[in-house]
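The structure comes first, then the account.

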Amino acid sequence: MCAVGFFTWLVNTVYKSIFLTGDTGLRRAHAASKILFTTSLVVAYTVNPEKSPTLLPLLVALGVLHAGFEWVVAALTLVSLVSAYLAGSAYLLSLTGLYTMTPLQALLVVARATAVAFGVVLVFNMISPVELYNALHTLGAKHFSSYPLLVWRLMPLGLRNFTDSVAVGYLKREKITSRIPPATASIIEAGWFIEEYSYWRLRVKSKTQIPLPRSIVHSLVLVAASLTILLLALQ
Amino acid sequence: MLVVTGRSGSGKTTLVRAVTGTISAVGGYIRGAVHLCGRNIAEARPEDIYSCLMYIPQEPWYAIIGYTVHAEICHALALDGRLCTRADFAARGLLHLANRLAHTLSAGEVQRVLWAELSLRGARVLVLDEPLVYLDEASRTSAKRIVEAALGEGVAVLLVDHNPLFWEDFEPRLLVLEGGGVLYYGEWSRRVVEELTNRAPAPRAPRTSRGVYAELRGVWFKYPGGDYVLRGVDLVFEKGVLTAVTGPNGSGKTTLLKVSSGVLKPSRGLVARSGPAIYVPENPLLYFTMPTPREELLLAARGDESRVLDAAEYFGVKRVLDKPLARLSSGERRRVALASAYLYDFAGYFVDEPTGGLDYESALLVLEVLEALAESGKAVVIATHDERAVKRADLRVELKT
């Protein structure tokens with residue numbers, strides 16, 4: 001049960017961090033405000049990387065505004081796991097004498113990696129697949145405009161099928177190692193069926209854009225957050 | 001309107017694949033030609049086929065491309081060159097679902113979305129493969145009205161249904177398939193349909209409870225990012241009886257079965273079971289461990305070949321034992337999953353839509369097996385919209401939205 005429980009928790013954490021919401025929250029902000037925000041984060045992380053942990057409270061607040069505490073907890077958990085792995089492995093390697101690293105420096109690595117990774121996850125969550133569809137349509141890639149929708153459809157469906165399959169395997173008293181191949185196959189099968197049932201739909205060029213509701217409030221919040229980040233980074 | 005019926009595995013879905021030009025997607029091919037809206041589908045442009053045809057497949061959850069209901073419906077319309085509006089959603093009673101993530105919809109809700117798409121797109125040919133299986137009564141009535149309106153506009157409808165009588169009012173043409181061939185093709189004939197359903201179900205043995213198997217106390221459950229689906233459920237499932245869980249689309253039937261069997265942990269409350277349980281999903285592919293029925297059943301029977309052959313005979317899957325599971329018909333997959341669960345010998349069976357899309361004979365067989373399990377002292381709980389199944393149940397749990 002322990003291995004199944006851990007595995008399911010991990011998959012659910014990834015699922016919640018990436019696919020918890022539809023086109024709500026910051027996804028409704030104007031694309032220009034999202035580009036400004038992403039640019040300000042990149043500038044802050046490259047110009048003044050030491051200060052990146054100070055951005056975390058602001059990013060967390062934006063995360064709460066975007067998708068609530070449930071998302072923030074999942075995203076922080078996921079990025080903390082990655083950061084802890086990075087810092088832990090670097091610290092363990094330092095014990096071999098190749099270079100020196102104090103425990104405090106390792107903690108700083110955790111803090112910086114968490115801030116950067118959380119920023120990346122937040123930006124990823126702000127991207128609306130409908131926006132990508134519309135962008136591809138406008139750019140003339142009309143044969144491929146459905147693909148972002150398909151990716152955002154298939155990945156959470158696959159993760160969900162995967163956890164259901166693992167849970168059924170647990171009820172059948174199977175080991176997690178023997179359940180992973182069929183659970184993974186269920187994701188591939190979902191792809192096959194979607195290919196079959198949407199055969200013509202996936203071969204048709206988009207003819208118009210998909211309307212996406214916009215939120216002025218969320219756009220203004222992102223502009224204000226971008227200016228704050230730039231001020232903090234360039235101080 | 002043409003209604004196609006026949007036993008599970010008789011070739012109904014293969015016919016649909018041939019007609020919709022999707023047979024090559026499963027590695028098949030056709031001899032001869034299929035013309036849709038005056039064009040040979042082998043030579044027509046995808047745009048021409050898409051604007052002509054609307055197809056609702058048997059596994060509706062795989063027919064959705066949009067990650068939200070809004071994206072799904074608006075994308076389907078955008079490919080036809082139409083902008084979706086709020087009024088489109090309001091008129092189809094889908095405003096409350098517009099922002100829902102597609103993978104969180106129940107199977108019934110997915111079918112409702114596809115029916116809404118169908119009514120909005122204005123295709124000239126409708127191909128519908130068991131399109132009512134997961135719908136509640138109200139949605140079935142509304143689906144019937146959509147078909148009526150489409151027929152009034154001169155739309156061609158090819159419909160596969162295990163229950164052709166549902167469409168009798170329209171006096172459709174009837175095609176009965178058997179073993180890949182035509183058993184009957186012609187005008188609507190109630191006699192022909194009734195001949196397919198002439199085996200009377202075995203008389204129902206009186207069954208009484210043999211004690212509590214599972215108890216749910218104050219159970220609440222919510223999916224990540226969603227509202228509570230179950231709210232303070234107090235319930236017992238009993239050994240020795242067949243319990244049917246019913247309710248409208250989205251009322252939480254599948255969730256109740258998953259929580260009761262142990263697939264999901266309740267957000268709050270307690271679930272106590274007095275023995276191992278199994279959950280057989282409405283999509284049986286998620287149940288399987290092995291690639292073929294024979295290997296799956298051998299795993300369940302711990303290598304006992306004779307038990308496998310007995311179970312295969314009992315569940316009518318002997319002729320498909322070595323076929324890849326992903327290539328079986330929906331009904332065959334369902335029966336293999338039940339055969340496997342049967343061989344494992346669990347104390348509690350939670351089966352989601354056990355008769356979904358099954359023809360009369362296969363549904364009868366599955367229900368008889370479930371009843372036999374209950375008679376042997378197992379707790380058997382099914383979630384269903386199928387009146388045939390509800391009638392055979394000893395107890396009924398009705399959920400509200």
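In chain B, the C-alpha centres of domain 1 and domain 2 are 27 Å apart. Domain 1 of chain B spans 2-196 and domain 2 of chain B spans 212-398. Such bounds come from an automatic or database domain assignment. The model is predicted: local features need pLDDT of at least 70, side-chain atom pairs count only at pLDDT 80 or more, and totals for chains, interfaces and linings use all residues. Residues are numbered from 1 along each chain as its sequence is written, while chains are lettered from A and ligands numbered from 1 in the order in which they are written.

Contact between two residues requires C-beta atoms, placed from the backbone, within 7 Å. In chain B, domain 1 puts 22 residues into the contact and domain 2 puts in 21 residues. On the domain 1 side, helix 5 (residues 107-121) of chain B has the largest share, four residues. Helices here are DSSP runs of H or I with at least four residues; strands are runs of E with at least two; both are numbered from the N terminus.

Chain A is also divided. Its domain 1 is 1-127 + 212-235, and its domain 2 is 129-211. Their C-alpha centres lie 25 Å apart. This contact takes 13 residues from domain 1 of chain A and 14 residues from domain 2 of chain A. Helix 1 of chain A gives the most to the domain 1 side, with nine residues.

**Between the chains**

Chain A brings 51 residues to the contact with chain B, and chain B brings 48 residues. Helix 6 of chain A supplies the largest share of the chain A side, 14 residues.

Ala, Val, Leu, Ile, Met, Phe, Trp, Tyr, Cys and Pro count as nonpolar, Asp, Glu, Lys and Arg as charged, and the others, Gly among them, as polar.

| Domain 1 of chain A, touching domain 2 of chain A | ten residues | two residues | one residue |

**A sheet in chain B**

Six strands of chain B form an open sheet, ordered 4-5-6-1-7-8, with mixed pairing. Pairing means at least two DSSP bridges between two strands. Strand 4 (53-56) and strand 8 (181-186) of chain B are at the edges with a single partner strand each, so one side of each lacks a neighbour in the sheet. Strand 5 (residues 125-129) and strand 6 (residues 156-160) of chain B pair in the parallel sense over five bridges. There, Leu128(B) has Leu159(B) as its bridge partner.
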